[in-house]
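The notes after the display are grouped by topic.

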Amino acid sequence: IAWAPIAALALRSLYGSNVVFALEFAEEILPFTDIIPLATLCWVVETFYGDQAIAKFLNIGSFGSNNRREENDKDGGNGVIDVKSDAMETKSQRKEGYFLRGVDEIDDSARRF
């Protein structure tokens, strides 16, 4: 009984789907349903049938919330935070006067060496 919410949360974090969460919770809480390999089935659907109706029903693949997060990240940052160059200034840069603000200045400072 204690394993049902843990397994369901694990699958929701993997696939970002509340439908998969509910199915996994029901599978784990109901007797004699542990034989159903729901995580494996979800992987197969997401990997091979991600744009089909079954993926839409399960809210995974092209229809899943994990995919929507990737689509919202249009700048290609992949989770990388863009930091202002002011914060990147080191003691040696302050001492030498190399405060890099752009690609051109990076090229200029590389030429100085």
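**Aromatic residues and overall picture**

F21 has a relative accessibility of 23% and therefore counts as partly exposed (buried is under 20% relative accessible area, exposed over 50%, partly exposed in between, with a 1.4 Å probe and protein chains only). The model is predicted: local features need a pLDDT of at least 70, side-chain atom pairs count only at pLDDT 80 or more, and totals for chains, interfaces and linings use all residues. Residues are numbered from 1 along each chain as its sequence is written, and side-chain values use heavy atoms, with hydrogens and water left out.

**Confidence**
- The protein chain has an average pLDDT of 75, and 58% of its residues score at least 70 (pLDDT is the predictor's confidence in each residue, from 0 to 100).
- Where pLDDT is low, the predicted coordinates should not be read in detail.

**Fold and surface**
- The protein chain contains seven helices and zero strands (DSSP runs numbered from the N terminus, helices being H or I with at least four residues and strands E with at least two).
- Of the 113 residues in the protein chain, 24% are buried.
- Among contacts with a separation of 6 or more, 31% join residues 24 or more positions apart (contact means heavy atoms within 4.5 Å).
- The protein chain has an accessible surface of about 8,700 Å², and carbon and sulfur atoms hold 59% of that surface (Shrake-Rupley method, 1.4 Å probe).

**Helix α1**
- A4, A7, A8, L11 and Y15 are the buried residues of α1.
- Viewed down the axis of α1, these buried residues fall within an arc of 100°, so they line one face of the helix (the arc is that of the directions from the helix axis to the C-beta atoms).
- G16 follows α1 and has a positive phi, near 65°.

**Aromatic pairs**
- The count is two aromatic pairs (rings of Phe, Tyr and Trp, the last by its six-membered ring, pair if their centres lie within 6.5 Å; planes under 30 degrees apart are stacked, over 60 edge-to-face and the rest tilted).
- F21 and F25 form a stacked pair, because their ring centres are 6.4 Å apart and their planes lie at 20°.
- F21 and F25 are four residues apart in helix α2, so about one helical turn separates them.
- F25, at 32% relative accessibility, counts as partly exposed.
- W43 and F48 form an edge-to-face pair, because their ring centres are 5.7 Å apart and their planes lie at 90°.
- W43 counts as partly exposed at 43% relative accessibility, whereas F48 counts as exposed at 55%.
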